Amino acid sequence: MSKLFLICLVALISHASTISARPIQRRSMMNSTDQPAPCRTGNPIDDCWRCDPDWETNRKVLADCAIGFGRNAIGGRDGEFYTVTSSGDDPENPTQGTLRHAAIQDEPLWIIFDRDMTVQLKQELMMNSYKTIDGRGFNVEISNGPCVTIQGVTNIIVHGVYIHNCVPAGNGVVATGSHSYQRRGISDGDGISIFGARDIWVDHCALSNCRDGLIDVVSGSTGITISNNYMFDHNEAMLMGHSDDFLADKNMQVTIAFNYFGEGLVQRIPRCRHGYFHIVNNVYTGWKMYAIGGSANPTINSQGNVFIALDGDSTKEVTKRESPFGDEEWKSWNWRSDGDMLMNGARFVTSGNEGSESYAKASSMVARPASLLASIMPSPGVLSCSIGQLC
């Protein structure tokens, strides 16, 4: 392991204690100053659009930059721009200019904001298909209320939003389309709930401190990429799969790439059931129980990640399996660690087959060497983008 890489990781971790509610961007791993990170980093998502100083004019280029299983998510690329001008919220009769009014429209829309904005929703935000929420250029937060639900729809992009302190809501009528409504039960309090949806991409967001999960992917959802996000201060971060008995999740495919899993995370980073999960080129800076868990025979393809365990002897194990039949069952589950960097005593227990053919359905992109992460992911989380400059 190179001395430079160790220095970069130490610099990255040292910023964990400096994070407050804002800003919610991880500072560059290579720079301790406020100078912008290098334009070309080897992160294929960022290299696709961040080197354009006219990114604000060319916002929709982002839709062609997705990787992994969610690479077909185009969001509102083929629609008009919709500018959110008000932080208000009326769940049943949304007012034009609000985020909810934009999200429920039947046509494709690329949703942007006219200023810094904190949106406190009164009921969960029901997304309609072919929408992009693009917070670039401003500090946009969804917080202190119910948050985002992506249910039974397709082609959603959520980018550049800080989602935190989400709580349950429900037992109310909520608009779900331009002319459709639902009476919703009590929601779980997830940051982003992806339920029976496909072709979804969550990129460069920050998520923390929600009542249930930060991002949950359940009930037959597939074609999902979760990338370049910064997650911190939360217990059960990500649930993948509804229940051990919900067999439709056997077709689930999720890519988790280039994320920074920061301070205060406990478990479920992610916790998987059934399905196929490509966990690639992420940085884990400690977990209080475990990092990657699962039940019901999920396939876990862990490649090129950096796992930095906490100092306590009880927090070294990366993996956790839950099976009513004990280890004799899970020893046949295909979980591999390929090119991961295990630091400070971190341990990854593999099982099943090591051959690449066993992971074909859990392979969605080419993993970069873990030793290059210092330069590949200089700024996960919400980016500080100024109009007319590189983002």
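This is a predicted model: local features need pLDDT of at least 70, side-chain atom pairs count only at pLDDT 80 or more; totals for chains, interfaces and linings use all residues.
1. Let's start with the second largest pocket, which has a volume of about 320 Å³. It is lined by 22 residues, and those closest to its centre are Glu124, Ser187, Asp188, Asp190 and Ser193.

2. S7 supplies the largest share, with three residues.

3. Now have a look at the backbone around proline 270. The peptide bond leading from isoleucine 269 to proline 270 is cis, with omega near 5°. You'll find proline 270 in the loop that joins strand S22 (265-267) to strand S23 (271-273).

4. Next, go to the loop between strand S9 (162-164) and strand S10 (172-177), where asparagine 165 sits. Its phi is near 50°, a positive value in a residue other than glycine. Asparagine 165 counts as partly exposed because its relative accessibility is 25%, and partly exposed covers the range between under 20% (buried) and over 50% (exposed).

5. Stay in the loop between S9 and S10 for asparagine 171. Here phi is near 55°, again positive in a residue other than glycine. Is asparagine 171 buried or exposed? With a relative accessible area of 56%, asparagine 171 is exposed, as the cut-off for that word is over 50%.

Methods
Residues are numbered from 1 along each chain as its sequence is written. Side-chain values use heavy atoms; hydrogens and water are left out. On a 1 Å grid over the protein atoms alone, a cavity is a set of points where a 1.4 Å probe fits but cannot get out, and a pocket is an open set with protein on both sides within 12 Å along at least five of seven lines; lining residues have an atom within 4 Å of a point. Grid points are joined across faces, edges and corners, and a volume is the space filled by probe spheres set on the points. Helices (H or I, at least four residues) and strands (E, at least two) are DSSP runs, numbered from the N terminus. Buried means under 20% relative accessible area, exposed over 50%, partly exposed in between (1.4 Å probe, protein chains only).
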